[in-house]
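Have the sequence and the 3D view open as you read.

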Amino acid sequence: MEEIELFIRNEKEDGVFAVSLVENPAIEENWVALSADGIQLKVADEERRVVVGIALVPEKRIYRKMKDKEFNIYFSKETIAKAQELYMRNLNANNVTTEHEKPIKGATVIESWIVENEKFDKSNIYKLNAPVGAWVIMMKINNEEEWKSIKEGNYKGFSIEGMFQGFEALEASTQLSEDELMVAKIKDIITEIDLKSETVELGIQQDAQKSVNTYFTKYDTSVSKIKGALQELRATETALNNTLKEVNDLKKFKSQIESMAKELGIEVKNIKVLEDINTALQNSKEVEKAITAVNKAISLL
């Protein structure tokens, strides 16, 4: 199975933007709730409502499937360390979702660290068995509904939300195999039709084979041009989809600002950055039109 290493190329665009509470964490590591059943950390008479777990494990293969293509992704120690650094530097501790869908309030990452020594690391207190280079997160839950879901076992771990590079290699290999498969199938059909004529004289067969070879030569040239056009269109499609992802992130950011402004009693119209965001979102409609146009062009080829 093909393996893809994900990495950070641009510190301004790549990295982890949020952490999600999920039922089935991709890294297969569960967090531990610090309650009376654990190490009995308490605040007054109530549970402290803290969960701790592993966000990323270096070199751990994580199964993925994209457009019928099965593959594994993984992160190096260096990439995980950089992702953790950028996550904290960009003040993303309050960006928490459930199942990568619903943003929630009252959940905050209160501690975040990279394991440097398996024997003496703090994660041993919680029996996480975290290897060197793993990213460990401790989260405080002040949301009644979500804390209830945690205690009922609906969430069993952390899953990251972010942007990483490396998928372009997979997309290129997938596109190439699809195009070559199409050419092979067409050739097989033409050859099969030619071989079905059992009563054709040997001389006629030779002439027919020459004609087929000439056809294949012209056909391969045309297909090569089509493949080149497809690759260019798909590269454009990938770039546009990345831009659309940034637009969606911008919409999330706008929603967060509006929510904070409402809580603080600030008029939204007085926030200058929202004007810039609204302008950018108006312009983003052209991106959606461009994606539609590119998809139509690909379908025609």
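## A buried asparagine

Asn92 is buried, with a relative accessible area of 10%. Buried here means under 20% relative accessible area, exposed means over 50%, and partly exposed is in between (1.4 Å probe, protein chains only). You'll find Asn92 in the loop between α1 and β9 (96–98). Helices (H or I, at least four residues) and strands (E, at least two) are DSSP runs, numbered from the N terminus.

What does Asn92 touch? Leaving aside its neighbours within four places in sequence, Asn92 is in contact with Val16, Phe17, Leu86 and Tyr87. Contact means heavy atoms within 4.5 Å.

## What you're looking at

A word on the source: this is a predicted model, where local features need pLDDT of at least 70, side-chain atom pairs count only at pLDDT 80 or more, and totals for chains, interfaces and linings use all residues. Residues are numbered from 1 along each chain as its sequence is written, and side-chain values use heavy atoms, with hydrogens and water left out.

The protein chain has six helices and 13 strands. Of its 301 residues, 36% are buried. Take the contacts between residues at least 6 apart in sequence: 73% of them join residues at least 24 apart. The chain exposes about 18,500 Å², and carbon and sulfur atoms supply 52% of that; accessible areas come from the Shrake-Rupley method with a 1.4 Å probe, and for residues only the protein chains shown count as cover.

Just after α1, Leu91 takes a positive phi of about 55°.

Which residues of α1 are buried? They are Thr79, Ile80, Ala83, Gln84, Leu86 and Tyr87. These residues cover an arc of only 165° around the axis, so they lie on the same side of α1; the arc is that of the directions from the helix axis to the C-beta atoms.

## The three-stranded sheet

One of those strands, β1, belongs to an open sheet of three strands in the order β1-β8-β7, with mixed pairing. Two strands pair if DSSP finds at least two bridges between them. The edge strands are β1 and β7 (62–66), each pairing on one side only. Five bridges join β1 to β8, and the two run parallel.

Ile4 lies in strand β1 and counts as buried at 5% relative accessibility. Its bridge partner in β8 is Ile73. Ile4 and Gly166 are 162 residues apart in sequence, yet 6.5 Å apart in space, C-alpha to C-alpha.

## The four-stranded sheet

Another open sheet has four strands in the order β10-β9-β2-β13, again with mixed pairing. Here β10 (102–103) and β13 (157–163) stand at the edges with a single partner strand each, so one side of each has no neighbour in the sheet. Three bridges join β2 to β9, which run parallel. Ser20 has Thr97 as its bridge partner in β9.
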